[in-house]
Amino acid sequence: MTLPLFPPHNDPGPSFVDLVRRMNGDPPSVVGSDRAPLVPHGTTICALRYADGVVMAGDRRATAGSSIAHRAMEKVHPADRHSGVAIAGSAGFALEMVRLFQLQLEHYEKVEGAALSLEGKANQLAQMVRQNLPMAMQGLVVIPLFAGYDVRRRTGRIYTYDATGGRYEETDFHADGSGGRDARTTIKLGWTDGMDRQSTIDLAVQALYEAADEDSATGGPDPLRGIYPTVATITPKGFQRVSDDELARRFEVIAEQDRGVKQ
């Protein structure tokens, strides 16, 4: 299958979204309502810069009101080889945004023959968040957290967003979602510049552990079901997920330390 041909004045370029619009017309408009439906929401996500790149982490619980909608939701996803995106907010819209974002980056690379810069990727995601504003006004907010390894600057970088598509770069770390404040507090107390991989992963899982202890919408480790937070590193070698076995060992250490403090 080949891409369709367009005249020069109507060429969508490397934008997959514009290509779809040229092929199928504008997407249908959003019909407003006075009350947002009760849909699953993702909760706590975080990203920390370290010596080799970035660590991203997210708990696995999705909630619908006061109920647990899903116990093993994946909130940290690869965007491409050197970047990742974590999601908080309306789960369905967030996952759809992630899939479209992944496809947009792949399409751009195929058309242009080179990967988009990290700042370009962050800008593309900002446009997608902005396009969701009509739904956000109805309570269906999507707040992603984007991070990656900048191959040009040779460092990890973290970007945050607001519901209007505002894009902001964080220097060292960030956490978002319902337990984001508790996670940020934990990270703030333990983060130092130039941390190694193991120390940074330990701090990320500690932050999610503390957030789950304070926020009912944030899921903690579940050894009985074998469910642990999603944690990934993004370095010059690419996006790599941390194994559940490694996370289980780290949470065992945290639990032992917690029991020692309380005794």
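Mentor: Two strands pair if DSSP finds at least two bridges between them. Keep that in mind for this predicted model.

Trainee: What makes β6 and β7 a pair?

Mentor: Strand β6, residues 76-80, meets β7 over four bridges. The cut-off is at least two bridges, so β6 and β7 pair. Their sense is antiparallel. V76 stands opposite A86 in β7.

Trainee: How many residues lie between β6 and β7 in their hairpin?

Mentor: Two residues lie between them.

Trainee: Why do β1 and β7 count as paired?

Mentor: Strand β1 covers residues 41-42. DSSP pairing needs at least two bridges, and β1 and β7 have two, so they pair. The sense is antiparallel. H41 has S90 as its bridge partner in β7.

Trainee: What makes β7 and β8 a pair?

Mentor: Seven bridges join β7 to strand β8, residues 142-150. At least two are needed, so this is a pair. The strands run in the antiparallel sense.

Trainee: Why is β7 called mostly covered?

Mentor: Buried means under 20% relative accessible area. Strand β7 spans residues 83-90, and eight of its eight residues are buried. Therefore each falls under that 20% limit.

Trainee: What share of the protein chain counts as buried?

Mentor: Of its 263 residues, 47% count as buried.

Trainee: How many helices and strands does the protein chain have?

Mentor: The protein chain has seven helices and 13 strands.

Terms used
Residues numbered from 1 in each chain as written. Predicted model: local features only at pLDDT ≥ 70, side-chain atom pairs only at ≥ 80, totals over all residues. Heavy atoms only, no water. Buried < 20%, exposed > 50% of the residue type's maximum accessible area, 1.4 Å probe, protein only.
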